[in-house]
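Have it open while you read.

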Amino acid sequence: MCLRDQQNKARFNDKVPLQGEPKPLPIGGKCNYLCPYFRCNKKALLIQQKYNKGNPQKVGWCRWVGDTCITGDCQYAYCEKRALLPGNKCAFANSRKNEDDLEKDLAGDDEVDKVKDIISKKFGKRDIDII
């Protein structure tokens, strides 16, 4: 085997690292037709570039209806990651909010303090550490 064949063999056996999955693009917690996972079951979604005062904007166009895409409100819209929830909401956007709410709940122990106050008033003693 010559040196050139070894170099070619090594070059073809090298694995190219993947760029990763595309990220979902919800806007304000709602599904977006520009999201890489948004699909139309009728295959009628067409992304057009329209110009508004000289600025290009991407607009979803439904070829089946002949009007702009209404995204998740359409009965034929679906998400490849199954993240489209009723009311045109994206599960990826909601999961971020849930993590923040969980942290807030864990940080605040106001209910425990309220219960201690009620028990201490009931028994007539102050600073009882029953709980």
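1. First, the term for the ring search: rings of Phe, Tyr and Trp (its six-membered ring) pair if their centres lie within 6.5 Å, with planes under 30 degrees apart called stacked, over 60 edge-to-face and the rest tilted. Searching the whole structure on that basis turns up one aromatic pair. W64 and Y76 make that pair, edge-to-face, at 5.1 Å centre to centre and 85° between the planes.

2. Where do W64 and Y76 lie? W64 is in the loop between β3 (55-62) and β4 (67-68), Y76 in the loop between β4 and β5 (77-79), so the pair ties together parts twelve residues apart in sequence. Strands here are DSSP runs (E, at least two residues), numbered from the N terminus.

3. On accessibility, buried is under 20% relative accessible area, exposed over 50%, and partly exposed in between (1.4 Å probe, protein chains only). W64 counts as exposed at 51%, and Y76 as partly exposed at 22%.

4. The largest nonpolar core has ten residues, among them C31, Y33, C35 and F38. Such a core is a set of buried Ala, Val, Leu, Ile, Met, Phe, Trp, Tyr and Cys residues joined through side-chain atoms within 4.5 Å. Setting aside neighbours within four places in sequence, C35 is in contact (heavy atoms within 4.5 Å) with P24 and L25.

5. I47 lies in strand β2 (residues 45-52) and is partly exposed, at 39% relative accessible area.

6. A caveat: this is a predicted model, where local features need pLDDT of at least 70 and side-chain atom pairs count only at pLDDT 80 or more, while totals for chains, interfaces and linings use all residues. Residues are numbered from 1 along each chain as its sequence is written, and side-chain values use heavy atoms, leaving out hydrogens and water.

Terms used. Helices (H or I, at least four residues) and strands (E, at least two) are DSSP runs, numbered from the N terminus.
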